[in-house]
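Here are some notes to read alongside the model.

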Amino acid sequence: MPDYMFQLESRLSPEQRAAMVRIQELATESASNLYLVGGAVRDVVSGMSIRDLDFAIEGNPSRIIHELEKGGAKVTKQDESLRTAELLLSGEVDASISAAREDIYARPGAKPDSRFSTIMEDLRRRDFSVNAIAISLNPNSRGLLLDPTNGLADLERREIRALSIHSFTNQPVRLLRALRYAARMGFKLESRTTEWFNLAIVRELQTTISHEDAGGEFRQVAREEKPASVLKSWETNGLMGVVHPL
């Protein structure tokens, strides 16, 4: 069995490692279960550079966020209703801390009602299987990999797989995101995901992407090692107009 904790710690910068240790200490002090989730775990497994540290807490992360601020961290974005915050930590480390939650959609495309939940439910609500993987940072299960949607298999197959038939309907910005991930990693969209993607385009769901969401994706492109590949993919799929209207 791979030693994911060793892989993680050996790939983190000294600043990232120090940030993770501090957050682990604060989670232990508040008796909260802590997990590294999403992109960082995906990047560890796939061998890519780790850019951001995303943490999920089973419970309320407000105290941890407050303690980090007292230590000099800067909160760059916060959503009190979802108990989530993006932070810039010491050493220019980008991180986010969120409460594990479940999103309930009354109907496809509606704004979800969110409720705090377990890490497993939190992973299942995510966009793509490769982002629905977590590593436990808890003393009794440290290094345990959680993969309820079989994202590891998709990483091995080099595929981006959406987790629901409503993935693009519920959040059309995922049309841009799916292509960005595929271009960055040299992956392709999984066959059923391709069908859902094409159906969303036919239904013109891309026209419903908010300026804020489109802008967020465009800013992410600036951080890519090969931004031209992402932009070319967007253009090929008729999505450039979403981020750069004529």
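1. Arg-158 is partly exposed, because its relative accessible area is 44% (buried means under 20%, exposed over 50% and partly exposed in between, with a 1.4 Å probe and protein chains only). Its place is in the loop between α6 and β10 (159–160), and its phi is positive, near 60°, in a residue other than glycine. Helices (H or I, at least four residues) and strands (E, at least two) are DSSP runs numbered from the N terminus.

2. A word on conventions: this is a predicted model, in which local features need pLDDT of at least 70 and side-chain atom pairs count only at pLDDT 80 or more, while totals for chains, interfaces and linings use all residues. Residues are numbered from 1 along each chain as its sequence is written, and side-chain values use heavy atoms, with hydrogens and water left out.

3. Asn-150 is also worth a look. It has a positive phi of about 65° although it is not a glycine, and it sits in the loop between β9 (145–146) and α6 (151–157). Asn-150 counts as partly exposed because its relative accessibility is 43%.

4. Next, helix α3 (residues 39–46), where 6 of the 8 residues are buried. Among them are Val-41, Arg-42 and Asp-43. Just after α3, Gly-47 takes a positive phi of about 85°.

5. Which residues have the most contacts inside the largest nonpolar core? They are Leu-53, Phe-55, Leu-68, Leu-89 and Ile-97, in a core of 61 residues (buried Ala, Val, Leu, Ile, Met, Phe, Trp, Tyr and Cys residues joined through side-chain atoms within 4.5 Å). Helix α8 (residues 174–185) gives the largest share, 7 residues.

6. Finally, Thr-193 lies in helix α9 (residues 191–202) and counts as buried because its relative accessibility is 0%. A polar contact of 2.7 Å joins its side chain to that of Glu-190 (a pair of N or O atoms within 3.5 Å; within protein, one must be able to donate a hydrogen and the other to accept it, and residues adjacent in sequence count only if both atoms are side-chain atoms).
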